[in-house]
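I opened this model to look up a few details and kept notes as I went. The entries follow the order in which I checked things.

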Amino acid sequence: MTSLPKRPLTGQLTEAALDTGSLATSLTVGVATAYAAWDTLTSFGDLRIIAAGAVCVITAATAESLLGIVLRPVRRSLWDSTRPVLAAKALPPVAATADECHTQIAAAAAVDAAHRAANMSHAIDHGQLLNHPDRWHGYEDGDATFYLAPGVILHFTYRQDPYSRAEFTLLTSDGDEQLEVRAISDVHRHLTSRPTPEATEPELTAPEAVAHGATGAAEPMTERPAF
């Protein structure tokens, strides 16, 4: 998944310097106030040192709050000048023909299917293996597939009849059975029970687009794995 850009180092250092300076100033004001009030705290007797400490803490906290108010415009200006800039995603050109519009919609539907499958995978996988859109290959009809291993693909279908729900099905090349997946442990259980292929048996591979982790953004893949 695409990570957000980090804030420039200069902005981080400047903000840290402001925090340090504000804290040092507040402590200095607190200590100075306690020192100035020391002679007036004689009435506290043996508790004089405790009273001086209380004066120091209260004064320092007050000074910190006031400095926060005073420095708020400075911090806002600093953030505006050093905040990370998100790269604007280029918008696709307006379709000139119906065929171009259909191509754009198909590509968008494929990308949407990949992201929808990744977002809805939390229903069966809290380990976050399946929540990466780049690992899903979407199709223009809303389905998506996740390449797990040679000959093993997880298929996603989004249904709305009559309630919206996601269905995950495990497709394998060693049989016609389609296993409904309700938890990631179902996949593990099935893979554990699979017979080990012979060394002379040619290894099955996923379609090229799936193996490369495509999301269907460029050219939606219309053929399903022939399992």
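**Notebook entries**

I began with Glu-180, which is partly exposed at a relative accessible area of 45%. My cut-offs are under 20% relative accessible area for buried and over 50% for exposed, with partly exposed in between (1.4 Å probe, protein chains only). Arg-182 forms a salt bridge with Glu-180, and the closest N and O atoms are 3.3 Å apart. I count a salt bridge when a side-chain nitrogen of Lys or Arg is within 4 Å of a carboxyl oxygen of Asp or Glu. Arg-182 counts as exposed because its relative accessibility is 62%.

A note on the source: this is a predicted model, where local features need pLDDT of at least 70, side-chain atom pairs count only at pLDDT 80 or more, and totals for chains, interfaces and linings use all residues. Residues are numbered from 1 along each chain as its sequence is written, and side-chain values use heavy atoms, with hydrogens and water left out.

**Salt bridges**

How many salt bridges does a search of the whole structure find? I get seven. Arg-75 and Asp-19 form one of them, with 2.7 Å between the closest N and O atoms. This pair links distant parts of the chain: Arg-75 is in helix α2 and Asp-19 in helix α1, 56 residues apart. Arg-75 counts as partly exposed because its relative accessibility is 26%. Asp-19 is also partly exposed, with a relative accessible area of 36%.

I then checked Glu-167. Its salt bridge is with Arg-165, the closest N and O atoms being 3.0 Å apart. Glu-167 has 21% relative accessibility, so it counts as partly exposed. Arg-165, at 35%, counts as partly exposed too.

**Overall layout**

I counted five helices and five strands in the chain. Both are DSSP runs numbered from the N terminus: H or I over at least four residues for helices, E over at least two for strands. From the N terminus on, the elements run α-α-α-β-β-β-β-β-α-α. Of the 227 residues, 27% count as buried. The chain exposes about 15400 Å², and carbon and sulfur atoms supply 60% of it. These areas come from the Shrake-Rupley method with a 1.4 Å probe; for residues, only the protein chains shown count as cover.

**The sheet**

In what order do the five strands of the open sheet lie? I read β1-β2-β3-β4-β5, with antiparallel pairing. The edge strands are β1 (136-138) and β5 (179-181), each pairing on one side only. From one strand to the next, the twist averages 30°. Two strands pair here if DSSP finds at least two bridges between them. Axes are lines fitted to C-alpha atoms, for helices over the stretch in contact, and angles run from 0 to 180 degrees between N-to-C directions.

β2 and β3 run antiparallel and are joined by five bridges. Ala-149 stands opposite Val-152 in β3. The hairpin of β2 and β3 has two residues between the strands, and Gly-151 takes a positive phi near 80° there. I followed β3 (residues 152-160) next: it pairs with β4 in the antiparallel sense over nine bridges. Tyr-158 has Ala-166 of β4 as its bridge partner. A hairpin joins β3 to β4 through three residues.

Is Thr-169 buried or exposed? Thr-169 is buried, because its relative accessible area is 15%. I find it in strand β4 (residues 164-172). Leaving out residues up to four places away in sequence, Thr-169 touches Ile-153, Leu-154, His-155, Gln-178, Leu-179 and Val-181. Contact means heavy atoms within 4.5 Å.

Helix α4 (residues 184-193) lies across β2 (144-149), β3, β4 and β5, running at about 145° to β5.

**Two loops**

Gln-128 lies in the loop between α3 (98-120) and β1. I noted its phi near 65°, a positive value in a residue other than glycine. Gln-128 is exposed, with a relative accessible area of 52%.

Leu-47 lies in the loop between α1 (9-36) and α2 (48-82). Together with Trp-38, Phe-44, Ile-49 and Ile-50, Leu-47 forms a nonpolar surface patch with about 520 Å² of accessible area. Patches are made of residues with over 30% relative accessible area and no salt bridge; like charges are joined within 9 Å, nonpolar side chains (Val, Leu, Ile, Met, Phe, Trp, Tyr) within 5 Å.
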